[in-house]
Structure formats: C-alpha cells, structure tokens
Amino acid sequence: MTVESLTLIWRRVLQRSSIGVDDNFFDVGGNLQSADVLFAEIARECGRELPSATICHAPTIAALASLLEQPTLAGFPPFVQLRAGGEQPPILLAHGMGGLASFSRLATHIDTGHPIYGIQAKGIDGMEEPLDRIEDMAEFYLDSIPTLQSGGPYILIGYSFGGLVALEMAQRLSRNGGAVGLLVLVDAYPHPRYLSPGQRLRLMAQRARRHVSEVRVRPARSAISYVARGIEHQLRIGRAQSRKHLQEASRLSLAQSTLRVKDKAELALAHYQPRVYRGKIKFVKSESDRYFPGDPTAVWSSLADELEVETVSGAHLDMVTTHFEGLAVLLTRYIREAFRQNERERPDTQVVG
C-alpha cells in the first residue's frame, strides 16, 4: 500500500484535512477505537488483516507504509521505541494496567541521548494470551532484553501497575548479578490486601471522602450515574459485559485486546506481594491523587534498602499523558545522576541469560 493511499485512509478515519507522513497517529487524534477502524479500512482496501496494535510499532504513515511492504510480519517484540538515541544503555518504561506503552509525549520531553523504549504487554496484539502473573511478565520481558542491550546497567521506570513489573524485573536482575542502574516507581502501589491493617483503613477512609466529594460537586443526575458506576464496578457487572463483547469482537482489535490485558493485570495485581528490594527505589508521587495511599513512604520504606520520594504536579492518570512536564524534568535528573554514578563505579556488563 502506498503512502498516498494510506494518507487518504488516515485523513478519512481521523477526519483531518491534512496529516504529515511523520505525524504520530495518537498525537493527531487517534485512539484505540480509531486504530481498529483504521486497520479495518486497510483490510478492505488491500485485503490484508493485521492486528490494530501494529500502530504502536508503526505509528506514522511513513513507518506503516514501509511495514506493509513486507510480505509477512514477524511477531512484535515487547519493546516499542518511543525516542531514538545514540547512547547506551536504553531506558525502559513499563506499562500500566492496560498494557500499552502510552508514554510517547513524556518520552520526547525527557532530555537524554539514550533511546527510550516502552515495555508493552504480551497479548496486546491479540495473537497471544496475556499473562496473569507479574513474575511471568518480568521473566518474559527480561528474556527479550538482550535484543536491546547485552548487559547492565539497566534503567527501569514503571508507571502504576508497571512499577510492580519494573520492581520484579529489578529483583531478578539483582539476584542474577545484573547491575540495576536506576529503578523508579511512578505512583505504583501493591494491592490493598498487602498493606498493613492501619494503611488499609486509612485508604478506605480516604477513598470514601473522595467519593463523597465527587457526589457533592455533581448535579443530581450526574451524581446518581457516578454512584451507579461505582456499584457496577464493585459487582463486576461491567467486567461480565466486557467479556461478552470480547467473545464477539475480533481478537485483533486493539480496543478489545487492551481489555483482555487489563483483566489479566487485575488478577496479577491481586496476587503479587512485593518482597524487600536490596537496592534503592526512587518513588514519584502525583500531587493531587486521592485514590492511592497518601504516604508512599509508609508503604515502601520497609520494602527497600533505600527509598527516595518526590512529588510532581498532576493526578495519577494525567501525570504521564497531559501534565507530564514535571515528571519529565524529574526523570531527566534521575537518569543523569544514574549515569554519572555508573561512570564512577564501572558498571557490570554481565549478559542477561
């Protein structure tokens, strides 16, 4: 398929009069649903059905046209390049609950000469079953790391659920003699069942106050809808409906595969109890979040030899998407400090086996 024909499809799907061949699909208004529409259009015009998740690895018209020139496609690796760089080692950002490496805007604002890759969940392309254990996810990603780097130091950053994945990766690397140059958890917490009784009680009270506040500021109809959605979530009605839609939808649909991945991630979160990490954790907390524990130090200080906590502006969901500037500045500093430390200490270059 030519660049010209792809451009016409993109304009039609995204309802834009002009799109450049190097414009990122998600930066010009694309989302999970429009990705599915895009690849349905491509299938109709060229008779070739591809996973909608292909857009994550070829997010521009130029890249997608080049990929479509290949007669067959090999399976996608779990790493998506978010930013090019000529220095080594790469920086790895682990995904949240939905499994997508949705950090492209954050990555472009991190000031570094090192390439940045997002770790994407197995099964996001609909071709394989998602994993339901954090231990298995960490092992899967580590098995693939030699395609990016032959040894340490390893720079691991995990957002939300991905923080636990990054932590488990760091645990395994350290246990096998690999050098972890930097481990950053961004608003990442274990399941409440693994908090102390006092922490769970405070978290329940905090969430209750949040819900009351939400109801008070909403009009009556909106407040009723908000409460109904909360009850539906607790009863898992929405999840049952999602599973029904999953059975009816194409396995190659990105919108549906992310639901499958999230379903398994919820199971993984519920069964993962963090162990003490014999190293340093840098923890970044969102300033305005009221859903997670208010004091990350109380949660993580007993689970790491060293813990450093800093706060950035924004809420949990937008700190990596729309209000990412503060986080990007902080990560830039962490990365520079890690590489300066690495130069002083002579990094371990052992290959991951």
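Let me start with helix α6, residues 134-144, where Ile134, Glu135, Met137, Ala138, Tyr141, Leu142 and Ser144 are buried, and where these buried residues pack against β1, β3 (116-119), α7 and α11 (254-270). By buried I mean a relative accessible area under 20%, while exposed means over 50% and partly exposed lies in between, with a 1.4 Å probe and protein chains only. Helices (H or I, at least four residues) and strands (E, at least two) are DSSP runs, numbered from the N terminus. As a general point, an α-helix has 3.6 residues a turn, so residues three or four places apart point the same way.

Before I go on, please keep in mind that this is a predicted model, in which local features need pLDDT of at least 70 and side-chain atom pairs count only at pLDDT 80 or more, whereas totals for chains, interfaces and linings use all residues. Residues are numbered from 1 along each chain as its sequence is written, and side-chain values use heavy atoms, with hydrogens and water left out.

For the overall picture, the protein chain has 13 helices and seven strands, and buried residues make up 49% of its 353 residues. If we take contact to mean heavy atoms within 4.5 Å, then residues 24 or more positions apart account for 75% of the contacts with a separation of 6 or more.

Let me turn to the strands, where two count as paired if DSSP finds at least two bridges between them. Strand β6, residues 277-286, is mostly covered, with eight of its 10 residues buried. With strand β5, residues 180-186, β6 pairs in the parallel sense over three bridges, and here Val184 stands opposite Lys282. With strand β7, residues 304-312, β6 also runs parallel, joined by eight bridges, and in this pairing Lys285 stands opposite Thr311.

Which residues touch the most other members of the largest nonpolar core? A nonpolar core, to be careful, is a set of buried Ala, Val, Leu, Ile, Met, Phe, Trp, Tyr and Cys residues joined through side-chain atoms within 4.5 Å. The largest one has 68 residues, and those touching the most other members are Trp10, Leu38, Ile55, Phe161, Met169, Leu183 and Trp300. Helix α7, residues 161-175, gives the largest share of this core, namely eight residues. Apart from it lies another core, of 29 residues, among them Val184, Val284, Leu327 and Ala338.

Leu330, in helix α13 (residues 325-345), is buried because its relative accessible area is 7%. Not counting residues up to four places away in sequence, Leu330 touches Val284, Glu310 and Val312.

Now to the aromatic rings, and in general a pair of them is described by the distance of the centres and the angle of the planes. Rings of Phe, Tyr and Trp (its six-membered ring) pair if their centres lie within 6.5 Å, and planes under 30 degrees apart count as stacked, over 60 as edge-to-face and the rest as tilted. By this rule there are five aromatic pairs. One of them is Trp10 with Phe25, which is edge-to-face at 5.4 Å centre to centre, with 80° between the planes. Trp10 lies in helix α1 (residues 3-14) and Phe25 in the loop between α1 and α2 (32-46), so the pair ties together parts that are 15 residues apart in sequence. Both residues, Trp10 and Phe25, are buried, and ring pairs link Trp10, Phe25 and Phe26 into a cluster.

Gln88 and Pro89 are joined by a cis peptide bond with omega about 5°, and Pro89 is in the loop between β1 and β2 (91-94). The bond from Gly152 to Pro153 is also cis, with omega near 5°, and Pro153 sits in the loop between α6 and β4 (154-159).

Ser160 has a positive phi near 55° and lies in the loop between β4 and α7, but Ser160 counts as buried, because its relative accessibility is 12%.
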